Amino acid sequence: MKKIFSEYGGVITVAMAIVALVCVVALLVGGPNGGWIGNAFNHTIDKFGDKVDEAISVEKTPELEISGFNYISYSRINGVAHWYNTEQHYLYCAQKDFTSIKGDVRITSDGKLVMCHDAGFTFNENGKITRYDSTNCTLIRDLTEAECLALQYATGDTYVCTFENYISVCKEYDKIAFITIRDEYMDELVPEMMRILKKYVMTNRCIVNSFTYSSLQAVRNAAPSMMLSHVQGYKAGVTIEAIDGAAALGNCLVNGFNFGENSTADFSTSV
């Protein structure tokens, strides 16, 4: 592995940056027919495919070819009326030309899975969900599934969505589910996530993504061949240690996380 980086470091670093940008978020400018980076990603795979595969330890499967993984709908899209991580949002994205739909998973007090980027909900004066404030929120872990599903967002006729509804949308529209989990309650979250994925025959049509290695290890223990994604800290870049960790997990992507205007350049000295 280190020899690969020594010999091809610059090429692999830039290639991984492009991979990272595609897998974490397409930059959401102009929509799938506008200013996307999918073509650049495919060009990189065509030109450096073998080295990229070896560097990021990707084992391709017939169901999930990385070379065809062009676009991903992020959990929030500016200008879309629907609140992100809602069923209406997922349906909107499913009807566009995205290959994959991203969703953020949280676990309730009764062990059910709902979709939310943050750890809890912040409410406005009308009792509707508004912009998250970690100092003024109700934790999802303190709510039951029924209590979560009764909550309405401040904009649009949108409510909290279950993980099962998210997966059912991905299944119906043949989209790859890009599932982000946090390092919390893995002993409950992973079995419930696997139950639903198996119910919809989606274990080979998903990528489970996390910032924490231990979370991915918990998923790997339950699913020996499922594709994983280890996203690094914001602007942290991709290290050789992260690559080696992905290799140990097997069938695992390593993603950088950066929304800067020149994200590729930010990665160029990080390995």
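Buried residues account for 52% of the 271 residues in the protein chain, in what is a predicted model. The accessible surface of the protein chain amounts to about 11,900 Å², and carbon and sulfur atoms contribute 48% of that surface. The secondary structure consists of 9 helices and 11 strands. When contacts in the protein chain between residues at least 6 apart in sequence are considered, 65% of them join residues at least 24 apart.

Helix H7 spans residues 213-222, and its buried residues are Ser215, Leu216, Val219 and Arg220. These residues lie on the same side of H7, because they cover an arc of only 140 degrees around the axis. In general, an α-helix has 3.6 residues a turn, so residues three or four places apart point the same way.

Met227 and Asn204 are separated by 23 residues in sequence, while their C-alpha atoms are 7.7 Å apart in space.

Asn251 is placed in the loop between H8 and strand S11 (252-257). Although Asn251 belongs to a loop, it counts as buried because its relative accessibility is 4%, which is under the 20% cut-off. The side chain of Asn251 reaches the backbone oxygen of Ser225 at a distance of 2.7 Å.

**Cysteines**

How many disulfides does the count come to? The count is 0 disulfides, where a pair of cysteine sulfur atoms would have to lie within 2.5 Å to qualify. A disulfide is a covalent bond between the sulfur atoms of two cysteines.

| Cysteine | Relative accessibility | Closest cysteine sulfur |
|---|---|---|
| Cys161 | 2%, buried | Cys170, 9.7 Å |
| Cys170 | 0%, buried | Cys206, 9.4 Å |

Cys161 counts as buried at 2% relative accessibility, and Cys170 counts as buried at 0%.

Terms used. Residues are numbered from 1 along each chain as its sequence is written. This is a predicted model: local features need pLDDT of at least 70, side-chain atom pairs count only at pLDDT 80 or more; totals for chains, interfaces and linings use all residues. Side-chain values use heavy atoms; hydrogens and water are left out. Buried means under 20% relative accessible area, exposed over 50%, partly exposed in between (1.4 Å probe, protein chains only). Helices (H or I, at least four residues) and strands (E, at least two) are DSSP runs, numbered from the N terminus. The arc is that of the directions from the helix axis to the C-beta atoms. A polar contact is a pair of N or O atoms within 3.5 Å; within protein, one must be able to donate a hydrogen and the other to accept it, and residues adjacent in sequence count only if both atoms are side-chain atoms. Contact means heavy atoms within 4.5 Å. Accessible areas come from the Shrake-Rupley method with a 1.4 Å probe; for residues, only the protein chains shown count as cover.
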